[in-house]
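Subject: A structure for you to look at

Hi,

Here is the structure I promised to pass on, with a few notes on its aromatic rings. Please open it next to this email and follow along.

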Amino acid sequence: MTTLKFVPYSSAFDTGFWHELTRRKLDIYRLDSSDQAIFGYYSNDANDNMPALFNVDHQCFDENNKTLNQQHQQQYTVDGTLKLVNTIEEFKTFDIDKALKAESTILWNDFSQGHALENPHKLNRFYLLIFADLKKYIYHYWFAFPTFLVPTSFNLINPVQSIGEHFSQDEITKIVKVLESDRSHVCCLYRQQSIIGLKKAIQQLNDQPQSATEYTFVISDPSTDPTHPGWPVRNLLTLLYYHLQSVEQLNVICWRERFRDGQRYVNHSLYLQLKPESIRNLTDTIPQSTGWEKNERQRLGSRQVNLSTSMNPIHLAETAVGLNLKLMKWRLAPEIDLESLEQTRCLLLGAGTLGCNVARCLMGWGVKHITFVDNSRISYSNPVRQTLFTFQDSCENKPKAQAAADALKSIYPGIKSIGYDLTIPMPGHSVGDSTMDKVKDDVKLLHDLIRQHDVIFLLTDSRESRWLPTVIASVEQKIVLCCAVGFDSYVIIRHGVPKEESKSSSTTYKNLLSGNKLGCYFCNDVVAPGDSSIDRTLDQQCTVTRPGISMMASALSVELLVSILQHPLRDQCPALIRADLEESVPEALSCLGIVPHTIRGFLSRYSTVLPTGEAFSQCVACSSIVRKAYQENGFSFLLKVFNELNYLEDLTGLLAMQLATDINEIIELSDDEEI
């Protein structure tokens, strides 16, 4: 006779199991190393050549979740014991024989006393020994799946067959229909017409052993081997051999299922015909058992899993912060390019109310490179409006730029953020011999920072402080977003990025203005920026706005940047001249919608307008005249701008234009940042 062999379980963990184990160890178990009741499960629907998996996941700690698993037709729960020791020494010296014997005793009592016949759920058990190194997030574990060494062999009457070989297709269809009516882990099929419980089947077989061919025991089998069933089958046979007395033949179906294209396949299930060997004479003696799982080297020993890259809070945060963004790609915005956002390097000139809110919104979009530039310190009035600062920061009078960078790192350690305490040189703010070297160094550092970043946000609290960054960014052809606020209004402008004519974008639509032709923050001015701090009262020195304005303006600034980066032309994407027209212009759209040139909001009327303005050929900041003067003369050009009141107006021709224009036709404009 051929001896039947079995495929042992192969343990499998869901990552969530280790997360939950860690939480319970820290918050619940602590130093308690007593046995804990858990459960696992196996399935009978694996594909060919897959191991006989035994699974545990985050739900396996709670008995209430067992019902949920049982409702899944292909998942069969198994009770077990968790032993979580406190030291690696305790793990290495653990008495595995004693533990296996204790678990086997529970199992054998269920067998011998008939509990497993009444409740087939008790047919299997497992033991899980773990040591969790929570400093390194390395977990040492060892599974035991107890089974008994009796009988010494399981003899087959006929070779193992698939049910597709043994039964006709009509018989298989009939069996499937009967099993669908009511089936647990294990059942008995009587005359292929009805299902009866194990206890009743044993009683009837012992009463009429000659009718053994009419009874077929069915058990869900996790194995995919074409000739060898899995571990649960071995325990079932041991149970049946113990309770059957004079039966000459035992029929067993190792039930396997597979689903493809909505169809169920069962023909690969195994059909066994065995000659039972009674082991009733063991009485109450607990037979020898085995079941400790082999390691990866196929030797008797423990295994380990290293989750340091995924369990460390910083790495967990890296995974979690992008969850909302990744979910966008599922359905709402499948075309969005998240990698381009993550790699974008943003320079925030100004770490005040606008700078703090812009930084928070950039983090929400997954931007990981944020640099701050500011020269002021945190005062007691700042923390309630400037969202990255605390009362303690104001007590210590910390520099805003560095404090903002530190705050971002405390929110998300994976971000790369630096703060620079830097004063931006400005038109109208004269430079003397004593400050010449410092101003020159400041200009060099500012230019280097702009060159090293992809996007520049102008968020300072004066008009003139935005001039030099505008000039440098125009020369370096960087994306610039200028955001300014008034008491109840705001404006956001994306500067045009000058390109050579051969490289500039063009459009066939009349309602579009190409990206290289868009105006900057200064293009509507007919006067050069000057020193706006002279002769100002306290309310004019501070940025006095309705509190919600800065948050609205900051959010829209970041959303506008994201739309620019998602457009195929990026910095050269055109803007609609009339956004209110119904004309559909594909060139103006990113996957998130239109990409306006300017956003002006008025909170008093709760309204927004989207004007588009062309670059001014005599602009004091972005015109080719100014760019050329800076490129050719560098700091000597800037020195004239800083010290000579009308130099920029004279250079660009604005002064001549003013003299040629009737003074009554000129609308007086303020140097204030208010709109």
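**Charges over rings**

Let's begin with Arg 234, which lies over the face of Trp 231, 5.3 Å from the ring centre. Phe 602 has a charge over its face too: Arg 605 lies there, at 4.7 Å from the ring centre. Please keep in mind that this is a predicted model.

**Rings that pair**

Now for rings beside other rings. A pair of aromatic rings is described by how far apart the centres are and by the angle of the planes. Pairs count if the ring centres lie within 6.5 Å, and by this rule there are 32 aromatic pairs.

One of them joins Tyr 42 and Tyr 76: the centres are 5.6 Å apart and the planes meet at 40°, so this pair is tilted. The two residues come from distant parts of the chain, 34 residues apart, with Tyr 42 in strand β3 (residues 36-43) and Tyr 76 in strand β5 (residues 75-85). Are they buried or exposed? Buried means under 20% relative accessible area. Tyr 42 has 1% relative accessibility, so Tyr 42 counts as buried. Tyr 76, at 7%, is buried as well.

Trp 142 and Trp 292 form another tilted pair, with 5.0 Å from centre to centre and 50° between the planes. This pair also links distant parts of the chain: Trp 142 belongs to strand β7 (residues 138-148) and Trp 292 to strand β17 (residues 289-292), 150 residues apart. With 11% relative accessibility, Trp 142 counts as buried, and Trp 292 is buried at 9%.

Enjoy exploring!

Best wishes

Note on methods: Residues numbered from 1 in each chain as written. Predicted model: local features only at pLDDT ≥ 70, side-chain atom pairs only at ≥ 80, totals over all residues. Heavy atoms only, no water. Phe/Tyr/Trp six-rings, centres within 6.5 Å; stacked < 30°, edge-to-face > 60°. Helix = DSSP H or I, 4+ residues; strand = E, 2+ residues; numbered from the N terminus. Buried < 20%, exposed > 50% of the residue type's maximum accessible area, 1.4 Å probe, protein only. Lys NZ or Arg CZ within 6 Å of the ring centre and 35° of its normal.
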